[in-house]
Protein chains: 2
Amino acid sequence: MTRHDPYPSRTGGRAQMLPRKDPVVCSTRSSEGPLSPSGIEAFERDGFLVIDGFFDPAETRSLQQEASRLPETLADSRAPEVIFEPGGGAVRSVFAIHRSSTTFAKLVTTSRLVEAVMQILGSEVYVHQSRINYKPAFRGREFYWHSDFETWHVEDGMPRMRAVSVSLNLRENSAHNGPLMLVPGSHKHYISCEGHTPERNYEKSLREQVCGVPEMSILEDLVERGGIVAPLGPPGSVVLFDCNTMHGSNGNITPWPRSNVFLVYNSVENALEAPYSGQQPRPEYIASRDFTPIPAGA
Amino acid sequence: MTRHDPYPSRTGGRAQMLPRKDPVVCSTRSSEGPLSPSGIEAFERDGFLVIDGFFDPAETRSLQQEASRLPETLADSRAPEVIFEPGGGAVRSVFAIHRSSTTFAKLVTTSRLVEAVMQILGSEVYVHQSRINYKPAFRGREFYWHSDFETWHVEDGMPRMRAVSVSLNLRENSAHNGPLMLVPGSHKHYISCEGHTPERNYEKSLREQVCGVPEMSILEDLVERGGIVAPLGPPGSVVLFDCNTMHGSNGNITPWPRSNVFLVYNSVENALEAPYSGQQPRPEYIASRDFTPIPAGA
C-alpha cells in the first residue's frame, strides 16, 4: 500500500505552490510560556520572531569560544559532521554539536528556549538537528533560498509541519556580512520542487544546494507578497522560525564572520518516518531518530 | 632604461600597504563646479560621494530600457564586450557601452557629471572605461574587494591616481541585493598585491577575480580603520568614487537585480602608458587609448 504524501515534492511533477495543511501555532499551550500574545501572533503571521538579548553577553561569549574550538578538534578526526565550503578550505558548518560538546548539550535544554518552542508547537519536543554555520569572513558562500521542511520531509521523512528552528547569533549579524534573510508569510505555502532526489544527496547539498531548489517565478511571487526581512542583531539575539519559512543568505566578502548556532526542535508527535523520497534516511548527525523528549524545566 | 614604477604591485614581492603619492582632489578647479565645498571635503576624506536623485525618473527609465536591450543585441554577435557569470548563463557585464549605444554615448557627456569629475580631477577628462554590471537576480555573484587603480596601473599602464568612477544605480540598491560596499579612507593607501599577472588575465578576471586580490590581513586593517559603507539608493542615484577606493559587493540571491552603469573618467594629463606588468595592453573595450577630452558643457 502506498503511503499518502501530504506534501509531495521532487516527484517528477512541476514546481507548485500548495496550501499549508498544518497550523503554525498549535492552540493547546499557546497561552502558556515565555512568549507574549503579540509574539505568538507575529510568529503565526510572519513565520518568525526575533528576540534581541535572549542570551546575555557572558553566556554568548562562552558559546562563541566553544564554537571557535569545535572545528579545530573535529577537523583532525575527519568527522563527517564537519562540512567545508565548496572549493575547500574553510569550515562551513559543524553538525550535531549537542552531541560532541557539553556546552551545546546544555544549550539545547535551556528551559526558556525549550518552553518557547513548546508554546508554539503544543507538545513536548526533541532535537531534530543542531549545527553551527560559520559563514567565514572574506569567502563565506551563500545559502540559496529554501524551506527546511521541504528537505526534512523528502529526505528525512518528517511527516508534518510541526518543527521550529532557532538561529542564535554568535557574531553581529550586520547588513554587510550575509545576514539571514526571511520571506514573511512564506510559511503558509508549501513550495514543491521539480526533479528527483539523487542518492546520498546530502553529501553535496550541505556544501551547495542543487536539488530541492524552489522555482524562480514562485520565489518572485512569495517575495512580491511578503518582501524580504533580514533581522540584524548583536551576538546573543535569536530568531525563532517555522520549519517552512523560506529563507537564505547572500555570501560574505567582509572581514566579519557571521557565525550562528542553528537548533531544530521537532514535536514528539511528529517523529520521523521513512523518507518520502523512498531512499535511505540521512545519517543521525543530520536528522536524529532519537525522539526522547527534552524534559521541561531542565 | 627601466621605467620608475610609483605604485609597484604583482612584482613578486610581499603584499604591502604603501602611502598614496597623489592628491585625491586636485586644487586647481576644486571650487569651480557643481559639487559643494562639503561634497568635495567628503570625497577627499572618504574616497567617495553619494548623490541621490542625480538623474530624474524619466532619464533613469530610458537608461534602464537601454540597459535591458543591450545584452540581447550583443549576445548574438558574441561580442567580447559581453561577460558572462562564472558557470555560464546570465550576463554579468557589458563593456564599452558608450561605443555601442547612442544613449550611453550621450550619458557619458552629461555636462553636470563631467563638470563634477573635472572639479575633482582639475583637468579635462576622457572616458577610460564604461560598462553595465547586471548583478542578476537569484544568481548574481560577488565582486571581491579590489582597488580599480591597482588593476588599471598594472594591466593598463595608468600612471598615477587621477581618475574617478561613477556608479549609477539603474535599480534600487537595497541592503539585500548585494549593494556596492566601500571602505572609507582606503583610497589614501596603495595596497600592492602578491604574485604576477598571467598573460591575458582579463579573460578570466572579469568573470572572477583571482589575481590582484588584496591580502586578508590588509583588508582587515583597512576595515578596522574605516568600516564599511554600502550607500543604498533608488534608481537614478550615483556614487562618485576615487580610482583607488577599496570596494566590492556580495552576491545576490534575491529576485531583485542590482544593475548599475559604471563610468570611469581619467584625467587627460594621466593618459595610459605601457602596462606596468610588462605585458600587452588590454583591449580597447576595457581600457580606452583614445584620450580625446570630452568637451565641457557638451
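Predicted model: local features only at pLDDT ≥ 70, side-chain atom pairs only at ≥ 80, totals over all residues.
With which side chain does the side chain of B:Arg131 make a polar contact?

Residues are numbered from 1 along each chain as its sequence is written, chains are lettered from A and ligands numbered from 1 in the order in which they are written, and side-chain values use heavy atoms, with hydrogens and water left out.

**View 1. B:Arg131 in strand β5 of chain B.** The strand covers residues 125-133. Strands are DSSP runs of E with at least two residues, helices are runs of H or I with at least four, and both are numbered from the N terminus. The partner of the B:Arg131 side chain is the side chain of B:Asn133, at 2.9 Å. A polar contact is a pair of N or O atoms within 3.5 Å; within protein, one must be able to donate a hydrogen and the other to accept it, and residues adjacent in sequence count only if both atoms are side-chain atoms. B:Arg131 is buried yet has no salt bridge. Buried means under 20% relative accessible area, exposed over 50%, partly exposed in between (1.4 Å probe, protein chains only). A salt bridge is a side-chain nitrogen of Lys or Arg within 4 Å of a carboxyl oxygen of Asp or Glu. The nearest side chain of opposite charge, B:Asp148, is 5.5 Å away. Lys and Arg count as positive, Asp and Glu as negative; His and the chain ends are not counted.

**View 2. Helix α5 of chain B, mostly covered.** Of its 11 residues, 8 are buried. Among them are B:Leu113, B:Val117 and B:Ile120. The buried residues of α5(B) pack against several elements of chain B, including α1, α4 and β5. Just after α5(B), B:Gly122 takes a positive phi of about 70°.

**View 3. B:Phe138, a residue other than glycine with a positive phi.** Its phi is near 70°. Most residues other than glycine have a negative phi. B:Phe138 is found in the loop between β5 and β6 of chain B. B:Phe138 is buried, with a relative accessible area of 3%.

**View 4. Where chain A touches chain B.** In this interface, 26 residues of chain A are in contact with 26 residues of chain B. Contact means heavy atoms within 4.5 Å. The area buried between the chains is about 2,300 Å², and carbon and sulfur atoms give 67% of it. Buried area is the accessible area (1.4 Å probe) that two parts lose on being put together, summed over both. In chain A, A:Phe138, A:His176 and A:Ile253 lose the most area to chain B.

**View 5. A salt bridge between A:Glu273 and A:Arg3.** The N to O distance is 3.1 Å. A:Glu273 lies in the segment after β12 of chain A and A:Arg3 in the segment before β1, so the pair ties together parts that are 270 residues apart in sequence. A:Glu273 is partly exposed, at 33% relative accessible area. A:Arg3 is also partly exposed, at 36%.

**View 6. A salt bridge between B:Arg282 and B:Asp156.** Their side chains meet at 2.7 Å, N to O. B:Arg282 is in the segment after β12 of chain B, and B:Asp156 is in helix α6, 126 residues apart. B:Arg282 counts as buried, at 8% relative accessibility. B:Asp156 is buried at 0%.
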